[in-house]
Amino acid sequence: MEPQFLPAAIAAHAPALLVMIPLILSAPAAMITSGRAAWLLAAIGVGSALVLAVEIFLATRAEGAVLSYAMGGWEPPLGIEFRIDALNAALLLLLGSTGFLAIVFAGPSVADEISRQKRSLFYSAFLICFAGLSGVASTGDAFNLFVFLEISSIATYAIIAMGWSRDRQALTASFNYLVMGTIGATFFVIGVGFIYMSTGTLNMADMGRAIADLGANRAVEVGFAFILVGIGLKAALFPLHQWLPNAYAYAPNFVTTFLATTATKIAFYVIIRFSYDVFSINSGLVTNAMLWVITPLAIAGMLVASTQALFQNNVRRLFAYSSVAQVGYMLLGLGMATSLGLSAGMLHLINHAMMKGALFMALGAFALSYGIRRIADFKGLGQVMPLTSAAFTIGALSLVGVPFTVGFISKFYLIQAALDAGWWWAVAAILVSSVIAVFYVYRILVAIWVSPPDEVRKASAKRVPLAIAIPLAILAGANLVFGVWAEPIVAMARAAADAAILAGVAS
Amino acid sequence: MLEILGDRFTYAVILVLMMVGLYAVIATGNLVKRMVGLSIFQTSVFLLYIATAKITGGAPAIFAYSDLAAGTIPDDAVYANPLPHVLILTAIVVGVATLAMGLALVVRIREVYGTIEDDELSEIDHDDELKKGV
Amino acid sequence: MNPYVVLRVVSKLLIPLIFLFGLYVHFHGEYSPGGGFSAGVVLGVGVILFALIFGMEAARKAVPPYAARFGMALGALLFASVGFASLIMGGEFLNYTVLHPDRTYVGQHIGIIAVELGVLTSVTSVIIAIFYAFAGRERSGDTAED
């Protein structure tokens, strides 16, 4: 690969280093007992991953550029290959940047929520989770993808359960996620097994070629179904989302912020990779799956999960249900099976990370100052914490899709893609779901800005630490800036979609 | 019917195990039993992979040294494809990690809640919510 | 102390053999079935057997819990350092062939033994740590409820 701004010796190994540096730093983080030093290691790990992701992103800008890295010098398709094109590069960049903002936010938030002795282990588990997610986004080998998926998932169960000292429901939430997540991952392995039996290869690009040569084959089709269900569980595809609301509601704030911006997105990427590149989007099987499975479930998710969000009093669970609905928007874009639809889905994926990042980070700031999470407790926050409330409001408006925010941009492109495909009913679903979003966001915003604060609260107003204020301001600012100047994000999403389609044609 | 079953004996066994595991996960309210079911489910998938490793008349990956020396590898020789074994070794490690994580959670749940029955847990969780006024 | 003399005597005889067998599985793993994973489990089980017969206190003295936690990370670091060594010597990550300047197969030997040693350390420590984590818990939940 052409070095962009890093020295050539590092740039050549960027794909491996991106995953390995956080993974390795998790070991010393587990050895030491100082939470502060472990935080520093985590920041170094995520920071270097961000730098490498920028390098990789720049290197894959050219159309059709693919980085291939043979692990251990074993050439693909026999060895494990890290294969990165514009689609993965966009994901890695998103993962690196939101991960870095989240780790800055983690400093004060984790110090508040996790007991002193556990902090270094907590950061160690976070680094493993981060490395696992970047591994899923980089690898070109189907079984290796499963291993990375499980590495990240097991670490995720651990860090979700760490919320138990605040709220013991974190334990049951984490256990339910563990059971569901393991079933999902095992379904994925069954699917990969079926494809491996029929094609004799595990390399995803090679699999794509072999499946195209094979023609219609029942074992391969069954494999696709298993993979779709398995990854659908991880992506919180509508009826498989039961683990998500409680896991997000009771995990430590930092964990929710990180997971809401990355975990389901990575699973969504895997669905794109398998439906476009391993299987052909033009084959009858995938086209039917998109039209009759993905699209109806996406729309059901948008409507039902949004409605469920209306009835939540716990703000974090409310936004967790809203996350399920937003996954529906992304899947709707994918379900259109057109280039426009896929790029609209990718666009919403990136934008959703910005909105939910800002929202959950602001909730973390509220929790840090007052330890609150119910809507009723939010009364008058606008007067005692005006700037944090403003950032929260920007995120919330962006979620609804108010013009001049990124939410509007992604809904605009999604509707455009739906009209292009002639799907009037999909446009109607998007609008109805947005109207429901207005209602649930309205409840919170009224509590924050209109209701008067308690007398006690006025006295105990605490300053938000800079380590929270700065990443929060960056995310809220990004919601506005990219809402007006949408070019770079739209171009990134389009390049990612084109790369997925191109890789499908090539194989 | 019997012939079909005879041909696909391993797959039939794997299918039965898989369903036993999944049923145990869904039907039981005891969290430890649920982990047992999950383990059975995972193990059935390990067997599925291992079953594919036996290839009659396939291209050899590991084979008898005497056959190689004589240059005679019979067409119907049974070979072992080492790749599925390696994959499953990795998957077993993942399975052990999941099991350990799950049991650790169960132990902690038992300590904090005083029960590991699912219905009692949801009742306690529900009461907790009501107490907090949610 | 466990009153069963037979168990104590037999396990005293067996435990060294188990360790020896673990090391055999490890170092012979290059040529025959075995290697770090299986050897690590065998070694870990040796420690667990010791703990079952002679009690947790004795086991904690023999293998302190912090050593298990340290070993987990140390094994991972050992594995990773082989990867980085191969990077520095000009190959891909974990490309063992570059570890020896002229003879690639010697490099392969060095690489696989070092990596497996890391796996052995990690797996042994993890098995022991999991056992300690479960066996060492006080039964406080029982008294609180009953």
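**Figure 1. Burial and fold of chain C.** Of the 146 residues of chain C in this predicted model, 38% count as buried, where buried is taken to be 20 or more other C-beta atoms, placed from the backbone, within 10 Å of the residue's own. Chain C has 6 helices and 0 strands, with helices (H or I, at least four residues) and strands (E, at least two) being DSSP runs numbered from the N terminus. Residues are numbered from 1 along each chain as its sequence is written, and chains are lettered from A and ligands numbered from 1 in the order in which they are written. Local features of the model need pLDDT of at least 70 and side-chain atom pairs count only at pLDDT 80 or more, while totals for chains, interfaces and linings use all residues.

**Figure 2. The contact between chain A and chain B.** Here 26 residues of chain A are in contact with 27 residues of chain B, two residues being in contact if their C-beta atoms, placed from the backbone, lie within 7 Å. On the chain A side, α6 (142–161) and α7 (169–199) each supply at least two residues, and α7(A) gives the most, with 14 residues. The chain A side divides into 15 nonpolar, 8 polar and 3 charged residues, with Ala, Val, Leu, Ile, Met, Phe, Trp, Tyr, Cys and Pro counted as nonpolar, Asp, Glu, Lys and Arg as charged, and the others, Gly among them, as polar.

**Figure 3. The packing of α5 against α11 in chain A.** The axes of α5 (residues 119–138) and α11 (residues 253–278) of chain A come within 10 Å and cross at roughly 20 degrees, the axes being lines fitted to C-alpha atoms over the stretch in contact and the angles running from 0 to 180 degrees between N-to-C directions. That angle makes α5(A) roughly parallel to α11(A), a term used for angles under 35 degrees. Leu133(A), Val136(A) and Ala137(A) of α5(A) make the contact with Thr262(A), Ala263(A), Ile266(A), Tyr269(A) and Val270(A) of α11(A), a set that has 7 nonpolar, 1 polar and no charged residues.

Terms used:
Parallel < 35°, antiparallel > 145°, perpendicular 65-115°, else oblique. Buried ≥ 20, exposed ≤ 12 C-beta atoms within 10 Å, placed from the backbone.
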